[in-house]
Amino acid sequence: MRKIFKLSLLALFIGVVSCEDATDIIQADELNEEAAYRTVDDLQSGLNGVYASYVPDAASNGLGDAYLFNDLFTDNIKRGAANIGQGSSEYNFVINTNTNFPNTIWAARYRTINLVNRVLQNFDRVLENASDSDISRANNIKAQLLAFRALSHFDLFQYFTVDYKNAASPSIIVMDFVPPLGEVYPRNTVGEVMTFIKGDLDSADDLMGTSTDPFYLTKDALKVIRARVLLFEGNAASYSNIEQITEELLTSHPIIDIEGSNNPDRYEGFWQDANLGDPAILEDIFTLFRGQADNNIGGLFYANSVDENGSPFFEMSNELFDLYAADDVRKAVFVKPSTRAGQILINKYPGSSTGQLSNHVKLFRSSEMLLVKAEVEARQGKLGEAAASVQELRLKRSMGSLPPVPTYNNLQEALRDILLERRKELCYEGHRYLDLKRVGPEVNVGINRAPVDAATFSAPRELGATDYGFTMPIPRNEVDANPTILQNPNY
């Protein structure tokens, strides 16, 4: 198994913006970019730093990034036994320009984008006298950098854009260069951002090598990003293209199948990292490597270990737990047994040989692509095919009786059921808030928590499908420093 070195001293050095005074003094031991980037190995070190900077799974004492926010703000979490207030504001639908989560997502993605741009601006100089083999290697590095830039812009687009389908409406700031110190920029339009992201994906695809290692961005990972981008863009002319992309990915990455088996080992081993790299287990398309010194994703939910004595901050909501049939493997795998009445411990990230709270992060999975396929089938009027796609996943997650075949009489019924299946399969993977934001208004599905879950935080149960809270505010730090930026409505 190849491993990403998660901390690059080179990236740390070049990521610091140095002060420039009237005399422009350069210290003898200063490491500037020209000195830092001399060879293709240096470019690779820069790329390693980019991999290290991309942390949607970041976790610390009940705070975090996208992975925690999506389920905490919505309906997949309730208060844990060791919670002393962590996440209570977000659970109460309180989100403003000073809230941790929008600030973290905004700053972290632009930090990744900045690191990408710093490496890219040195490419031509490094390759001036490079050999053909070095150029080939450098092209693959550049492809991964462009893919990360597209992915980071798309992350920002999803959280901070009000109207995905209005090409003229404000979105985020496109950054394809290293901005001079003190410069500020307005938000680009939805159309401009989408054009930029797709352009980076096209360029990356042209340069990407043939590796299939899921711990690195590959051509298949680019397909996932493209499918997601086109889905959010919501252009009906793209649905057949999305369907083709998902079919290609499902051919090369078949989902884990335990149909009719009472043994959850294959699916459980996937989340324990026990069978990653097994040629028979190909569901992961892109996985973020996490070693001993890296972020511990289990720390999203626990202080110490994944069990009842590990000080759980958050637990699975009763509502989500009750959605699973008794013989659904996800109920067996995603829930840790507890002796405490009413306690539903989250076990999706159970820890591994690396650490009690440590697991690799399966960022792109073919199960998601099967549900994307179902959605675009439904949107093309192929309701029977959409039902068959959803049924395929349900069968492969059943350890016992065959689940009933769904019947969709119209698009709204199909979308509601697909939204439900996404909730069950993709919980705690950074999807729920974005799913409700994108699809909820179409089918009038917002947040509607079970009373027992809402009561754990003394929080409201409901948030309407069209509430402004389904778009994050531009963080106060950005607004204060950037007079050209436009804040989102109601903040």
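Student: Is D328 buried or exposed?

Tutor: This is a predicted model. Buried means under 20% relative accessible area. D328 has 6%, so D328 is buried.

Student: Which side chain does D328 meet in a salt bridge?

Tutor: Side chains of opposite charge can pair when their charged atoms come close. Here the partner is R330, at 2.9 Å, N to O. R330 is buried as well, with a relative accessible area of 1%.

Student: Where do E421 and R394 lie in the chain?

Tutor: E421 sits in helix α17 (residues 411-426) and R394 in helix α16 (residues 383-396). They are 27 residues apart, and the pair links distant parts of the chain. Their side chains form a salt bridge at 2.6 Å, N to O. E421 is buried at 0% relative accessible area. R394 is buried at 13%.

Student: Which residues are linked with these in a network of salt bridges?

Tutor: D328, R330, R394 and E421 belong to one network, whose members also include E283, K348 and D417.

Student: How many salt bridges does the structure hold?

Tutor: It holds 36. The chain has 45 positive and 66 negative side chains. The centres of those two sets lie 4 Å apart.

How values were computed
Residues numbered from 1 in each chain as written. Predicted model: local features only at pLDDT ≥ 70, side-chain atom pairs only at ≥ 80, totals over all residues. Heavy atoms only, no water. Lys, Arg positive; Asp, Glu negative; His and termini not counted. Charge placed at Lys NZ, Arg CZ, Asp CG, Glu CD. Salt bridge = Lys/Arg side-chain N within 4 Å of Asp/Glu carboxyl O. Buried < 20%, exposed > 50% of the residue type's maximum accessible area, 1.4 Å probe, protein only. Helix = DSSP H or I, 4+ residues; strand = E, 2+ residues; numbered from the N terminus.
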